[in-house]
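Thanks for coming, everyone. I'll walk through one structure today.

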Amino acid sequence: MSVTPTEHTPEPSQHLHPTEHTVRAALRSPRLLRTEVLAGLVVALALIPEAISFSIIAGVDPQVGLFASFTMAVAISFLGGRPAMISAATGAIALVIAPVMRDYGYDYLIATVLLGGVLQMLLSLVGVARLMRFIPRSVMVGFVNALAILIFGAQIEHLVDVPWAVYPLVAVGIAVIVGFPRVNSVIPAPLVAIVALTAFTLVAAVTVPEVGDQGELPDSLPAWFVPDVPFSVETLEIIAPYALAMALVGILESLLTAKLVDDITDTHSDKTREAMGQGAANVITGFFGGMGGCAMIGQTMINVKVSGARTRISTFLAGVFLLVLVVGFGDVVALIPTAALVAVMIMVSVATFDWHSIQPSTLRRMPKSETTVMVSTVAVTVLTHNLAIGVGVGVLVAMTLFARRVAHMTDTHRELVEDEQGVKHHSERPVVAVCRCGASSVPPWCDGSHKQVRRRPATAVPSPRHGRELEDY
């Protein structure tokens, strides 16, 4: 039996038939439409503190990150290739473009975002999305686990040096998110937790950190903005390296997140369209003064896995609700306790982590090379806080171990043969390691220590048994 790494499987209550994964089907069904609307509202509430935090990282005003989240979500809901995936301002993009803001100012930052979006569209045209097929499953598992750790780690700062009341509020929020679905599965549990904890802190007059403490919310709509920078080679030399880094990081995170959603929903997405859509969304965001962004794994998991959304409606409404909340109801949103959002994100991290991948029984069955690739991906991503670097290192480790495995399974057999004229000479032919069942190809789960191996010429015919195993893998 071949060993296949675990995949994320949605809960039965959240799994919809593929024919229902359309905007038209959701608009015709009150039940599905309600799911999409409530999911968009929950995501919008979770986006607000994240967007403000990423604005601080980039060194810009909070409204720059909030407007970027609005324009990215609305634009990608029409242009993207993966329905229900959330794109907004992200920490990875903020880290890449922060030096531009620090050294050259806001106009150069927007010019960098615009160029980054153009580069993403060009990369999609040359087929960069097709490279996703070469990322090993073990790297994907490491990517998911690293994201879960980073999401959880980002909440720690909200639990240090805070009033004691924060801790019971977080605990109650987690209890509501875990227990409420057993009572009612219609209303998303994260929304119930946010509303309940906000109401409690207001009625009981409990003093805890609030969303408004992280930055001032905007009170006007985003406006058209054209950066005032010289159109010259010098300007291109300044912004091009950062724009290229932004384009690569954004595409990598977005396509990996899209692939993860594909696994969760058991559906296929258009990766080339997604890459093109990300670039177009960043160009639109730049012209509205936003800081750019890409797919957000945490909010996507809230939308798809926790709230059960499956269509572009939830993505579109997440952006619309975000703008309505921060512009029209900014005073109310500012009163939401940070503890409520921390509880939501902690449960998102728990749901995102692939717990099956670290179970002792799984680790015993999996080849050491696969485990090494997963662990290296997680370690580098967590240490650098950069998903692109972590995935890159994971792919390199996988390539190295694969080359080492193949090198140990192939050799050359030299023998003395006599031709038709009776002349004797040495002949060499490749010999590969095969299983005793007769297969000429060692299964991909063999890490070089496969014990039932013998040598046979490379011209042997594979057995049906391992042919089936290779297809399963």
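**Helix packing, burial and confidence**

Start with α7 and α14: their crossing is right-handed. Helices are DSSP runs of H or I, at least four residues, and strands are E runs of at least two, numbered from the N terminus.

Before going on, a word on the source. This is a predicted model, where local features need pLDDT of at least 70, side-chain atom pairs count only at pLDDT 80 or more, and totals for chains, interfaces and linings use all residues. Residues are numbered from 1 along each chain as its sequence is written, and side-chain values use heavy atoms, with hydrogens and water left out.

Back to the pair. Helix α7 covers residues 166–183 and helix α14 covers residues 338–352. Their axes come within 8 Å and cross at roughly 50°. The axes are lines fitted to C-alpha atoms over the stretch in contact, with angles from 0 to 180 degrees between N-to-C directions. So α7 and α14 are oblique to each other. The cut-offs: under 35 degrees is roughly parallel, over 145 roughly antiparallel, 65 to 115 roughly perpendicular, and the rest oblique.

Who touches whom? Contact means heavy atoms within 4.5 Å. On the α7 side we have Val166, Leu169, Val170, Gly173, Ile174, Ile177 and Val178. They meet Ala339, Val342, Ala343, Val344, Ile346 and Met347 of α14. That contact splits into 12 nonpolar residues, 1 polar and no charged. Nonpolar covers Ala, Val, Leu, Ile, Met, Phe, Trp, Tyr, Cys and Pro; charged covers Asp, Glu, Lys and Arg; the others, Gly among them, are polar.

Next pair: α4, residues 91–104, and α5, residues 106–125. The axes come within 7 Å and cross at roughly 150°. Therefore α4 and α5 run roughly antiparallel. This crossing is right-handed. From α4, the contact uses Ile97, Val100, Met101 and Tyr104. From α5, it uses Tyr106, Tyr108, Leu109, Thr112 and Val113. The tally is 8 nonpolar, 1 polar and no charged.

Now α11, residues 297–306. Is α11 enclosed or open? Largely enclosed by the rest of the structure, because 9 of its 10 residues are buried. Buried means under 20% relative accessible area, exposed means over 50%, and partly exposed is in between, with a 1.4 Å probe and protein chains only. The cover includes α2, α6, α9, β2, α12 and α14. Look at Gln299 in this helix. Its relative accessibility is 2%, so Gln299 counts as buried. Leaving out residues up to four places away in sequence, Gln299 touches Val43, Ala46, Leu47, Glu50, Ile86 and Met345. Just after α11, Gly308 has a positive phi of about 80°.

Two alanines also take positive phi. Ala84 is at about 75°, in the loop between α3 and β1. Ala84 is buried, at 2% relative accessible area. Ala205 is at about 55°, in the loop between α8 and α9. Ala205 is exposed, at 62%.

Last, confidence. pLDDT is the predictor's confidence in each residue, from 0 to 100. The protein's mean is 82, and 83% of its residues reach 70 or more. Helix α10 is highest, at 96, and helix α18 is lowest, at a mean of 36. Residues 1–19 fall below 50. Residues 434–473 also have pLDDT below 50.

Definitions and conventions
A crossing is left-handed if the near helix is turned anticlockwise from the far one by less than a right angle, and right-handed if clockwise.
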